[in-house]
Amino acid sequence: MQDFFNRLNKQYSDNLPFVVYRKPNTSDLKAILQNDDALHITNDFEDAGFVFSPFDDALDSVLLPLSHSELLSTTYIAADTKEIHKDDTITVSEDAKAIHIDLVKRGVEAIKKGVLQKVVVSRKEDINIEDVDIFTIYKKLLMSYNSAFVYCWYHPKVGLWLGATPETLLKIEGRHFSIMALAGTQDYLGSLDVLWQSKELQEQQFVTDFILNNIVSIVENITISGVETVKAGNLLHLRTLIKGDLNLQDLDLKQLLNNLHPTPAVCGLPKAKAKAFILENENYNREFYTGFLGELNFDVHVKPRTGRRNIENRAYTVHKKSTQLYVNLRCMQIKDNKALVYVGGGITETSNPELEWTETVSKSKVVKKVL
């Protein structure tokens with residue numbers, strides 16, 4: 001374990017790109033260490049590597065290519081931790097609150113005028129930090145958020161990002177396809193048995209319908225789970241799981257990603273108008289917040305199940321291509337002795353600006369508690 005992090009420290013000290021990550025509910029810690037500082041871009045999403053894509057899908061997606069990298073892995077068993085509910089010691093200015101509430105009001109107004117159905121608005125908090133040890137922060141994220149995709153990503157020409165995101169964008173393994181519709185937020189107060197308001201239920205339905213409309217032509221045998229309440233750190237969300245089989249002949253991964261990203265869970269509806277509203281009104285650059293990241297076109301080896309059939313068949317391994325991508329939520333960027341923490345929330349016609357502000361404060365604690 002120590003050798004694993006020593007190798008990461010050397011990579012970081014040498015100003016070379018890397019990513020270290022753990023998938024939800026696993027103990028497998030993986031790292032990809034690029035062997036030079038070149039900035040690799042993927043345009044067609046046919047490359048193999050770890051992709052990091054920004055919110056604005058008109059901008060480039062960065063790739064740490066497997067062909068130019070060293071791969072490491074280890075087992076990391078995080079100690080059990082209990083959520084501690086306490087007031088956040090890092091206060092946010094009244095000016096920041098007023099600006100965000102005004103932004104929410106503008107979103108509600110655009111919806112009432114019929115320009116939008118939903119829009120997701122966000123903000124950024126700048127927190128002063130000194131003598132930061134990024135791997136100490138990363139280990140705290142690992143210990144605190146076992147059910148999240150927890151990562152630390154660095155490229156000297158792009159920046160340093162860490163996060164613990166609860167949301168899957170999509171997973172493809174061979175023909176099998178799965179995707180998550182996640183929306184709605186409230187504080188976790190010790191129970192999953194909670195009441196959801198019509199606003200959150202509507203948000204969830206928007207996301208589910210959007211996904212189904214964009215996959216129906218290439219996914220067969222679609223199954224849709226019921227809406228369930230799930231816990232992510234100190235928050236609760238509504239989640240629907242959608243699964244099916246891909247028609248690989250019709251699959252264009254770049255087009256599929258263009259259709260899905262950014263989803264209504266991080267942008268809004270209609271997508272183009274919501275994105276234009278965000279870029280015009282948020283007055284800051286989201287960069288990779290609400291973008292997506294993860295394994296792109298990895299080769300996975302699946303051994304046949306053991307049984308009483310021909311023993312010789314057990315020696316054969318099935319090779320499949322796997323892509324597992326996550327939405328970049330609950331994240332921060334480390335820059336110039338500051339932690340830049342990004343948070344947001346979905347706005348509908350019935351949104352209460354004061355409550356929307358409170359929701360972003362709750363979400364910010366997910367990241368700020370490890371600083």
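How many bridges join strand S1 to strand S2, and do they run parallel or antiparallel? Here are some friendly notes to read alongside this predicted model.

1. Let's start with that pair. Strand S1 (residues 18-22) and strand S2 (residues 28-34) run antiparallel and are joined by 5 bridges. To find your place, look for Val20, which stands opposite Ala31 in S2. As background, strands of a sheet pair through backbone hydrogen bonds, in either a parallel or an antiparallel way.

2. Now step back to the sheet. S1 and S2 belong to an open sheet of 9 strands with antiparallel pairing, and its order is S6-S2-S1-S8-S9-S18-S19-S7-S15. The edges are strand S6 (69-75) and strand S15 (268-269); each has a single partner strand, so one side of each is left without a neighbour in the sheet.

3. Next come two helices that lie across strands. H1 lies across S1, S2, S6, strand S8 (149-155) and strand S9 (159-165), and runs at about 30° to S2. H3 lies across S1, S2, S8, S9 and strand S18 (331-335), and runs at about 15° to S9.

4. How do these helices meet each other? The axes of helix H1 (residues 2-13) and helix H3 (residues 134-144) come within 11 Å and cross at roughly 135°, which makes H1 oblique to H3. The crossing of H1 past H3 is right-handed.

5. H1 contributes Phe5, Leu8, Asn9 and Tyr12 to the contact, while H3 contributes Ile134, Phe135, Tyr138 and Lys139. Sorted by class, the contact of H1 with H3 has 6 nonpolar, 1 polar and 1 charged residues.

Terms used. Residues numbered from 1 in each chain as written. Predicted model: local features only at pLDDT ≥ 70, side-chain atom pairs only at ≥ 80, totals over all residues. Heavy atoms only, no water. Axes fitted to C-alpha atoms, helices over the stretch in contact; angles between N-to-C directions. Helix = DSSP H or I, 4+ residues; strand = E, 2+ residues; numbered from the N terminus. Parallel < 35°, antiparallel > 145°, perpendicular 65-115°, else oblique. Left-handed = near helix turned anticlockwise from the far one by under 90°. Contact = heavy atoms within 4.5 Å. Nonpolar A, V, L, I, M, F, W, Y, C, P; charged D, E, K, R; others polar. Pairing = 2+ DSSP bridges.
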